[in-house]
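Please load the model in a viewer and keep the selection panel at hand.

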Amino acid sequence: MISTAPTLFRMMRVRPRLRLLKKPTALLAMSAASSARYWIKRMLEGGKMQRKDIEDSEQRLKRAMLESDVMTLSDLLSDSLIFVNHLGQRIGKAADIAMHQAGQLKLGVIELSETQITLLADSAIVQTNAAIEGRYEGQEASGEFVFTRVWARENNMLRVVAAHASLLLPQNG
């Protein structure tokens, strides 16, 4: 696949004739071509993990959880996901998505704090505190938690491959 990179880049070299286009349109065309070349290069090279990509993925995950958006959750969770919840139960992708789809899990608030991101060559580790308000099977399921998530690139998409949650105990003094 990498051997096709020169061909793809040649195809992406858009050189609009400035005299035929209005200047703002020409600048937009050049900017779009430059952006497309950047993203194609990142996809072909696998792309080094970027803090902004992880932050954006974390926000997408938070929104998907709050809205029970199973399509986005499906995109963001690896098929091989292993999530160990605060009760020590191992939950895979299918079970996680099924809880949202069936309405068993309804989250109203997720407030993240003290988020730390550790970038590695081909993955990232996110540790964050989360104040969550919600219901599980009709029962109150709110609390303060700490989450650890491992993000990795799969098929040119960032996905959570492992996650762990623990109850966050109140700090004394």
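This is a predicted model: local features need pLDDT of at least 70, side-chain atom pairs count only at pLDDT 80 or more; totals for chains, interfaces and linings use all residues.

Residues are numbered from 1 along each chain as its sequence is written, and side-chain values use heavy atoms, with hydrogens and water left out.

**The whole chain.** Display the chain as a cartoon. Five helices and seven strands are present; these are DSSP runs numbered from the N terminus (helices H or I, at least four residues; strands E, at least two). From the N terminus on, their order is α-α-α-α-β-β-α-β-β-β-β-β. Of the 173 residues in the chain, 32% are buried.

**The aromatic pair.** Select F145 and F147. A search of the whole structure finds one aromatic pair. The ring centres of F145 and F147 are 6.2 Å apart and the planes lie at 50 degrees, so the pair is tilted. For rings of Phe, Tyr and Trp (its six-membered ring), pairing requires centres within 6.5 Å; planes under 30 degrees apart are stacked, over 60 edge-to-face, and the rest tilted. F145 is also buried, at 7% relative accessibility.

**Strand β7 and its partners.** Select residues 157-167, strand β7. Strand β1 (residues 77-84) pairs with β7 in the parallel sense over four bridges; a pair of strands needs at least two DSSP bridges. Within β7, H164 stands opposite V84. A162 in β7 is the bridge partner of V150. The hairpin of β6 and β7 has two residues between the strands, and N155 takes a positive phi near 50 degrees there.

Select E58, in helix α3. E58 is buried, with a relative accessible area of 6%. Beyond its neighbours within four places in sequence, E58 is in contact with V126, R149 and W151, where contact means heavy atoms within 4.5 Å. E58 and R149 are among the residues that line the largest cavity, as are K62 and F147. That cavity has a volume of about 80 Å³. On a 1 Å grid over the protein atoms alone, a cavity is a set of points where a 1.4 Å probe fits but cannot get out; a pocket is an open set with protein on both sides within 12 Å along at least five of seven lines; lining residues have an atom within 4 Å of a point. Grid points are joined across faces, edges and corners, and a volume is the space filled by probe spheres set on the points. Helix α3 gives the largest share of the cavity lining, four residues.

**The largest pocket.** Finally, select F83, N85, H86, M99 and L105. The largest pocket holds about 690 Å³ of space. Of its 28 lining residues, F83, N85, H86, M99 and L105 are the closest to its centre.

Methods
Buried means under 20% relative accessible area, exposed over 50%, partly exposed in between (1.4 Å probe, protein chains only).
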